[in-house]
Amino acid sequence: MCGIFGVYGHPEASNLAYLGLHAQQHRGQESAGISASDGQRQRTWRGMGLVVDVFNQERLKHLPGRAAIGHVRYSTAGDSDLANAQPFAVRHGRGQLAVAHNGNLVNAAALRREMEQRGSIFTSTADTEVIVHLLARRQERRLVERVRAVIGEIRGAYSLVLLTERALVATRDPWGFRPLALGRLRRPDGGEAWVFASETSAFDLINATYVRPVRPGEIIVVDRNGLHSFEGLPAEQPHFCVFEHIYFARPDSMLGDSSVYESRDLLGRQLAREQPVSADIVIPVPDSGTTAALGFARESAIPFGMGLIRSHYVGRTFIEPQESIRHFGVRLKLAPVRHLIDGKRVCVVDDSLVRGTTSRKIVTMLRQAGAREVHLRISAPPTRHPCFYGIDTPSYEELIAAQKTPAEIAEYIGCDTLGYLSLEGMLGALGQRRGAFFCDACFSGEYPVAADPPTPARALRTAARR
Ligand code: 5GP
Ligand code: SF4
Ligand code: MG
């Protein structure tokens, strides 16, 4: 999963990109990058780490121009190193081009193999580089035609922003797996700039107005002639990633017309109806479980408390402790509030259960803090299948729900009871029926776009490394 941003027509484009990325930092902490165009030249800066670590005033000063795109990365396809940081920026026959991509192509490995056999050279292991190569090869006269031809060749999940010296392009795959929003921003001189972002949290920070989502299959070109929308590919049956509502997006963002906060509240309420519990207190696993836990507590009329305190200073420099102090791992991040927990029947709510390792440690921690009973509730169905579309869910072997029944999982985790949300309940809470709007493949195993050959993110990564 990644976050992308684009702005066209503003004198402070790279500063806005910086802020837009900052407001989407939760979507990826591995690397950050910005490309800016001044109408003649394009410049790019990328680095490993957080937006605040990669950029400063000086760096941004070297990214002048009225158009910029940016990217924060969470590795899916490709290794974690600078070569895979985005935007991907190249010089090719027609000039300069930068691309920022959120999603995962299912045919990237095949396309890459084919290109390599014909002599193409790749500098990274990321699937996004395939898009850059495809674009550079196209001979169509107009940019929109070249983009249309390329999205006809790639398959899978992509929300893209592309920058040339003079134009910004935004497009989304025909299923609309990943979000991409369009906004407008008033300039100091009274004119208007256009902005794009994975999440509207980016618009709020820079005082831009959310206009609408980029439509699946749509290509939007912004240049000196203004903003123009084109049909790129015919839209397919929509398959928006339901996990964006459950976990990925920030609760202050809008996804389409839906508030993420409201979605999580509704998921928590539905969970309380499906998996009721007798408990003295409902506590969340912060931050991602907090909103669902609030909904759960209100629906079940059990007091809510912040029984786990999250440290926001854990950072990325994590020392691998020796066996004797290994259990500090999760405690560095989460600490129990004994005052709330001691002697209580505790219901702890989290958004998802992936490997089960964190939950197991949390249950142990709550018992050590005096919990009399620990009931775990998950505001999503069991994650039984890997994701092919841009979230790095582990392989079948590592997904606990693919290996064990809910009863076995409860035993492994050590909780008194474990309750998941049902697939129908989840979709119903979000106002949808199966197959009508959301992708739910990691829960149902029904993949809307076949990977051919099967290339879940991990497999693709391994293939690229070989
Ligand atoms: P686990 O069950 O693997 O021990 O951890 C579950 C926790 O991981 C949940 O709190 C959930 O918010 C978080 N989580 C779910 N999906 C992802 C993901 O794709 N990446 C990361 N870093 N955390 C995730
Ligand atoms: Fe989202 Fe799951 Fe579909 Fe991946 S498989 S796009 S995580 S719903
Ligand atoms: Mg979490």
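Start by selecting the residues that line the largest cavity: there are 17 of them, and C241, F243, C387, C439 and C442 lie nearest its centre. On a 1 Å grid over the protein atoms alone, a cavity is a set of points where a 1.4 Å probe fits but cannot get out, and lining residues have an atom within 4 Å of a point. Helix 8 and helix 17 are the elements that give two or more residues to this lining. Helices (H or I, at least four residues) and strands (E, at least two) are DSSP runs, numbered from the N terminus.

A word on what is on your screen: this is a predicted model, in which local features need pLDDT of at least 70 and side-chain atom pairs count only at pLDDT 80 or more, while totals for chains, interfaces and linings use all residues. Residues are numbered from 1 along each chain as its sequence is written, chains are lettered from A and ligands numbered from 1 in the order in which they are written, and side-chain values use heavy atoms, leaving out hydrogens and water.

Now colour the lining by class: 13 residues are nonpolar, two polar and two charged. Here Ala, Val, Leu, Ile, Met, Phe, Trp, Tyr, Cys and Pro count as nonpolar, Asp, Glu, Lys and Arg as charged, and the others, Gly among them, as polar. The volume of the largest cavity is about 140 Å³, taken as the space filled by probe spheres set on the points, which are joined across faces, edges and corners. The count of cavities of 30 Å³ or more is two.

Next, show ligand 2, which sits in the largest cavity; that is, more than half of its atoms lie within 2 Å of the grid points. Around ligand 2, pick R178, C241, V242, F243, C387, Y389, I391, C439, A441 and C442, each with a heavy atom within 4 Å of the ligand. Helix 8 (242-248) and helix 17 (441-444) give two or more residues each to this shell. By class, the shell has nine nonpolar residues, one charged and no polar.

Then jump to V211, in strand 11 (residues 209-213). V211 is partly exposed at 36% relative accessible area, where buried means under 20%, exposed over 50% and partly exposed in between (1.4 Å probe, protein chains only). Draw a distance from its C-alpha atom to that of M1, 210 residues apart along the chain, and you get 23 Å.

Finally, zoom out to the chain, with its 18 helices and 23 strands. Buried residues make up 56% of its 466 residues, and its C-alpha atoms fill a box of roughly 70 × 50 × 45 Å along the principal axes.

Note on methods:
On a 1 Å grid over the protein atoms alone, a cavity is a set of points where a 1.4 Å probe fits but cannot get out, and a pocket is an open set with protein on both sides within 12 Å along at least five of seven lines; lining residues have an atom within 4 Å of a point.
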